[in-house]
Amino acid sequence: MYIQSDAPLDDPMSQQSFTSPANGAGSRPQANLELALIGNCTISALVDGRGSIVWCCMPRFDSTPVFDALLNSADGVPLDGAMTIELEDHVRTEQSYDPGTAIVRTRLWDSHGQGIELTDFAPRFVNRDRMFRPIQLVRRVRPLAGHPRVRFTVRPHGNWGTSPPTLTRGSHHLRFVMPECTLRLNTSVPLTYLIDSTWFTLHSAVSLMLGLDETLVGSVDETAREFEELTASHWAHWTRRLAVPLEWQDAVIRAAITLKLCQFEETGAIVAAMTTSVPEAPNSGRNWDYRYCWLRDAFFVVRALNSLSEVGTMENYLHWLYDVVRGAGGAHVQPLYGIGLERSLPESIITQASGYRGMGPVRVGNQAQEHFQHDVYGSVVLGAAQAFHDHRLFKRGDAADFAALEVMGEQAWLLHDQPDAGIWELRTRARVHTSSTLMCWAACDRLARIASVLRVNDRAVLWQSRAAVIKDAILQRAWNAERQSFVESLGGRDLDASVLLMAEVGFLPPNDPRFISTVQALERSLCDGPFMRRYEAPDDFGRPETAFNVCSFWRVDALARIGKREQAREAFEALLARRNAMGLLSEDLAPATGELWGNFPQTYSMVGIINGAVRLSADWESVV
């Protein structure tokens, strides 16, 4: 069991302490989401509180994992499917990010005061005038005190464990040949000890560099050290350019780095989360694959980073987004695509994987690719709209881009009053969802504004008139007098947290009595203290058991907008307290225990941290 200390997250080591069986014997620790994310916008990995890499997909975020221990953890986190460093007689761990970076430092201590330090990262820095972000993980290990005895294991999986890798040995490297890829581990660890998982005394620093089967030129230790220095410098400069709010700066910076790491920079796509099939609630069956780009989620990511003046992520994303738009040819746009623009993402179950804590199924692919979710057209237009107004961009939106977006607007206008699967992707029920109609309104509204910027007055008038028609439909049909609230569907009566987005997209002024009444109704029906569920009506799997973190943040934003600022701050602080020790959030949490559930780290949730801090922070002018 992990026990978080009171140490601030970025001071100098945030601690997780626990008792460990001597010599690494006994049962393995239970899987949990006390995980740190490392990555470089090409690959990523999750490091647990003991310094084990328990999840990593190569060569892409959505590839078959090479380390999958997180989802084979019915009997605890196994050594197979992981990259571990064990300390003999281990009793205590300290772990933190280096401030303002994606570099994780883990310190392991034994009962005699002997210790080691692990430094984990994926290289990312500018080299020869372009970003160097190889398919590679780097791990540096050094003794801190005494004569610590350690054991290294590197046990990648092929095809979710059904295809053990073929191992070959070189002079200073190991090769793991698997169906998906061939990995090379360049290392200064004695290969005999590594192959046999032998306990030995760590006398001096060693390095491990795991990536594709490419020859390393130069010393392993020197290259690893240089890569760490350059990567630290890159992140420090990236963080320095953020326009952060005065308050909660560490939380915002960690959220911003995490969102950046969720962009597959080669194409610009932004994944919803780095994992698949971490259940939304214990044994719920709500296990989904989030390693794809939802246009809805990506819009919220670029909007949050834009609020910090980090527009590079948006610029890169727009390349991918316009390929989606133009590739659709005016026809149906899916709610999600693969990070390489793949349209077909068929859902299947990996039967050989036991799942997170044995709570299967483990799914690959996502059936939502087949859905009709009409809010997607608003997400496209909103995601691209800033490019027509922001003079800082290398490429501002132009007439050709506007023409492409108008095609999306035509779809929004055509479908705004038609049933769909909705924002929550219901699999067996279709309605005219308020949130979908709202985003169709947003598409028309923003197209009118863009047309005005481009001085295409007749198009501005057209889109304004269409937005007005959709707005009237929402006001007339989504308001339920009995519930004194906007409800989840036109003509319906059930409550749904997604209607809080009315303020976010500028549909109603926050002081509108109907919006205030809606906030109050949602609090009465959907909230457990500061934590908010998505909706009240049962879905395909019954009633939701856990709070959906982004809904809780939407409530914070709504409270601040309607003038309940102190209540909003209290709720925001309560949500921040539920982050894991590394400052990260998953999709869901259990209000009674505070335990995190759902895929991790969830971009929606990290967006909420940024939006809440920007909304609630005191002004810089108050201190300077």
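The model is a predicted one, so local features need pLDDT of at least 70 and side-chain atom pairs count only at pLDDT 80 or more, while totals for chains, interfaces and linings use all residues. Residues are numbered from 1 along each chain as its sequence is written, and side-chain values use heavy atoms, with hydrogens and water left out.

Let's start with the inside. A nonpolar core here is a set of buried Ala, Val, Leu, Ile, Met, Phe, Trp, Tyr and Cys residues joined through side-chain atoms within 4.5 Å. Buried stands for under 20% relative accessible area, exposed for over 50%, and partly exposed for in between (1.4 Å probe, protein chains only). The largest nonpolar core has 193 residues, and Phe-152, Leu-295 and Tyr-317 have the most contacts inside it. Helix α8 (residues 434-453) gives this core its largest share, 11 residues. A second, separate core of 9 residues includes Tyr-292, Trp-294, Leu-336 and Leu-345. Back at Phe-152, and leaving out residues up to four places away in sequence, its contacts (heavy atoms within 4.5 Å) include Thr-84, Ile-85, Val-141, Tyr-193 and Phe-200.

Next come the helices. Helices (H or I, at least four residues) and strands (E, at least two) are DSSP runs, numbered from the N terminus. Two packed helices are described by the angle between their axes and the distance between the axes. Axes are lines fitted to C-alpha atoms, for helices over the stretch in contact, and angles run from 0 to 180 degrees between N-to-C directions. Helix α6 (residues 376-385) packs on α8 at an angle of about 35 degrees, with the axes 7 Å apart. Their crossing is left-handed, a label used if the near helix is turned anticlockwise from the far one by less than a right angle (right-handed if clockwise). Among the residues making the contact are Tyr-377 and Leu-382 of α6 and Met-439 and Ile-450 of α8. Helix α3 (residues 249-261) and helix α14 (residues 603-616) pack at about 145 degrees, with their axes 9 Å apart, and this crossing is left-handed too. The residues that meet include Ala-251 and Leu-259 in α3, and Met-606 and Ala-613 in α14.

Helix α12 (residues 549-561) is worth a look of its own. Its 13 residues, at 1.5 Å a residue, should span 18 Å, and the end C-alpha atoms are 19 Å apart, which agrees; the expected span is 1.5 Å times one less than the number of residues. Since 12 of the 13 residues are buried, α12 is largely enclosed by the rest of the structure. Phe-553, Trp-554 and Arg-555 are among those buried residues. Just after α12, Gly-563 takes a positive phi of about 100 degrees.

Now for the strands, where two of them pair if DSSP finds at least two bridges between them. Strand β4 (residues 44-47) points Ser-44 and Leu-46 one way and Ala-45 and Val-47 the other, and all are buried. Strand β3 (residues 36-39) runs antiparallel to β4, joined by 4 bridges, with Ile-38 opposite Ala-45. On strand β5 (residues 53-57), also antiparallel to β4 with 4 bridges, Cys-56 stands opposite Ala-45. Finally, an open sheet of 3 antiparallel strands has the order β30-β31-β32. β30 (547-548) and β32 (596-597) stand at its edges with a single partner strand each, so one side of each is left without a neighbour in the sheet.
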